[in-house]
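Here is a short briefing on one protein model. Keep the sequence and the 3D view open while reading.

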Amino acid sequence: MGGRSAEREISLKSGNMVLAALQRKGVDAHAFDPRDQSFEQLLAQRFARVFIALHGRFGEDGTVQGALEVLGIPYTGSGVMASALAMDKWRTKLAWLASGIPTPVYELLTPDSRAADVAAKLGLPLMVKPAHEGSSIGITKVESIEKIDVAYSLAAQHDGLVIAEQFIGGREVTAAILNDEALPLVRIEAPQGNYDYHNKYFGEATKYHCPSGLSAELEARIQQLALAAFRIIGCHGWGRLDLMLDAEDRPWFLEVNTIPGMTDHSLVPMAARACGIAFDDLVLRILETAHVG
Ligand SMILES: Nc1ncnc2c1ncn2[C@@H]1O[C@H](COP(=O)(O)OP(=O)(O)O)[C@@H](O)[C@H]1O
Ligand SMILES: [Mg+2]
């Protein structure tokens with residue numbers, strides 16, 4: 001837990017919740033922060049397995065997974081390739097587009113991109129986001145052509161790779177996956193539809209609906225698509241797919257999170273609870289999916 005990404009604080013929250021759950025379940029569990037401790041120290045403690053509760057770069061992106069592979073220590077969640085691919089929103093979209101998973105139309109932005117062309121292709125509003133960040137960091141909803149450049153500059157502070165994406169105005173849904181099964185969907189209702197960093201972790205204004213309130217038929221269809229989207233990226237164990245529904249209730253997948261939040265506001269624990277899996281049991285179920293190779 002912890003690490004050195006922009007999402008360090010959230011990771012510490014997730015990690016401490018997971019640690020407490022493991023200890024309540026009688027697991028001889030200990031915290032390890034790769035920002036402050038070396039992998040030699042990890043090896044020296046002879047852990048049987050690792051529950052990775054890191055978010056963002058240097059943790060969710062395949063690097064720590066690679067280190068654990070080399071050390072031969074089983075770890076939870078996706079392997080090296082899927083972790084790295086899922087961390088990259090652009091390449092995730094390429095894989096989904098090639099395999100028929102609906103994802104919003106996009107354009108890569110560079111310093112040479114012409115705002116008018118981007119707006120003509122994607123329409124307004126549009127979303128500008130860094131390809132490798134999480135927690136809504138560096139993301140801007142752009143309402144007018146003149147604001148595209150500012151949004152690009154902000155995203156580019158976080159990342160060399162920036163995408164602009166068609167805005168899907170409609171309901172927001174997230175699909176948790178546990179051990180190759182889709183859990184009940186969670187519908188997210190953020191103030192003014194703005195699910196930003198604050199509304200994700202600190203505000204009390206965001207409402208979460210689980211059961212989602214979608215029709216059983218639509219829910220099942222989205223769950224099936226979410227599982228397909230998860231498998232195409234090569235993900236393992238657990239994860240969470242973020243998507244938007246348009247006005248006609250068509251789903252559009254935004255991204256897959258290979259190490260979703262496990263804080264008290266988090267969505268995977270909410271989805272698990274809705275099908276009778278308490279937080280501590282969820283943590284154990286995830287731990288059981290630990291693998292190597
Ligand atoms: N194309 C889009 N249309 C509408 N809303 C979007 C779109 N892309 C992102 N959002 C909003 O921004 C939030 C964060 O975007 P997301 O792609 O999931 O990145 P992050 O990794 O920061 O969670 C989403 O939960 C959603 O509320
Ligand atoms: Mg997201």
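Predicted model: local features only at pLDDT ≥ 70, side-chain atom pairs only at ≥ 80, totals over all residues.

A search of the whole structure finds 3 aromatic pairs.

**Aromatic pairs**

- Phe32 and Phe39 form a tilted pair, with 6.1 Å from centre to centre and 55° between the planes.
- The planes count as tilted because 55° falls between the limits of 30 degrees for stacked and 60 for edge-to-face.
- Phe32 is buried, at a relative accessible area of 11%.
- Phe39 is partly exposed, at 26%.
- What does the pair of Trp96 and Phe253 tie together? Trp96 belongs to helix α5 (residues 89-98) and Phe253 to strand β10 (residues 251-257), so the pair links parts that lie 157 residues apart in sequence.
- Trp96 is buried, with a relative accessible area of 0%. Phe253 is buried as well, with a value of 0%.

**A charge over a ring**

- Arg4 places its charged end over the ring of Phe58, 3.9 Å from the ring centre.
- Phe58 is found in the loop between α2 and α3.
- Is Phe58 buried, partly exposed or exposed? Phe58 counts as partly exposed, at 36% relative accessibility.
- The backbone of Phe58 also stands out: phi is positive, about 55°, although the residue is not a glycine.

**Helix α5 against helix α9**

- Helix α9 spans residues 216-233 and packs on α5 at an angle of about 115°. The two axes are 10 Å apart.
- α5 and α9 are therefore roughly perpendicular to each other.
- Their crossing is right-handed.
- An α-helix has 3.6 residues a turn, so residues three or four places apart point the same way.

**Helix α1 against helix α11**

- Helix α1 (residues 8-24) and helix α11 (residues 279-288) have axes that come within 9 Å. They cross at roughly 90°.
- α1 and α11 are therefore roughly perpendicular to each other.
- α1 contributes Met17, Val18, Ala21, Leu22 and Arg24 to the contact.
- α11 meets them with Phe279, Asp280, Val283, Leu284 and Leu287.

**Ser14 in helix α1**

- Ser14 is found in helix α1.
- Ser14 is buried, at a relative accessible area of 1%.
- Which residues does Ser14 touch, not counting those up to four places away in sequence? Ser14 touches Ala53, His55, Gly261, Met262 and Thr263.

**Helix α3 and the residue after it**

- Helix α3 covers residues 63-71. Val64, Gln65, Gly66 and Leu68 are buried there.
- The buried residues of α3 pack against α2 (39-44) and α4 (80-87).
- Gly72 follows α3 and has a positive phi, near 75°.

**Cis peptide bonds**

- The bond from Leu124 to Pro125 is cis, with omega near -5°.
- Pro125 lies in the loop between α6 (115-122) and β2 (126-130).
- Cys210 and Pro211 are also joined by a cis peptide bond, with omega about 5°.
- Pro211 sits in the loop between β8 (207-209) and α9. α9 is the helix that packs against α5.

**Positive phi at Arg46**

- Arg46 is not a glycine, yet phi is positive, near 50°.
- Arg46 lies in the loop between α2 and α3. Phe58 is found in the loop between α2 and α3 too.
- Arg46 is exposed, with a relative accessible area of 73%, whereas Phe58 is partly exposed.

Conventions:
Residues numbered from 1 in each chain as written. Chains lettered and ligands numbered in written order. Heavy atoms only, no water. Phe/Tyr/Trp six-rings, centres within 6.5 Å; stacked < 30°, edge-to-face > 60°. Buried < 20%, exposed > 50% of the residue type's maximum accessible area, 1.4 Å probe, protein only. Helix = DSSP H or I, 4+ residues; strand = E, 2+ residues; numbered from the N terminus. Lys NZ or Arg CZ within 6 Å of the ring centre and 35° of its normal. Axes fitted to C-alpha atoms, helices over the stretch in contact; angles between N-to-C directions. Parallel < 35°, antiparallel > 145°, perpendicular 65-115°, else oblique. Left-handed = near helix turned anticlockwise from the far one by under 90°. Contact = heavy atoms within 4.5 Å.
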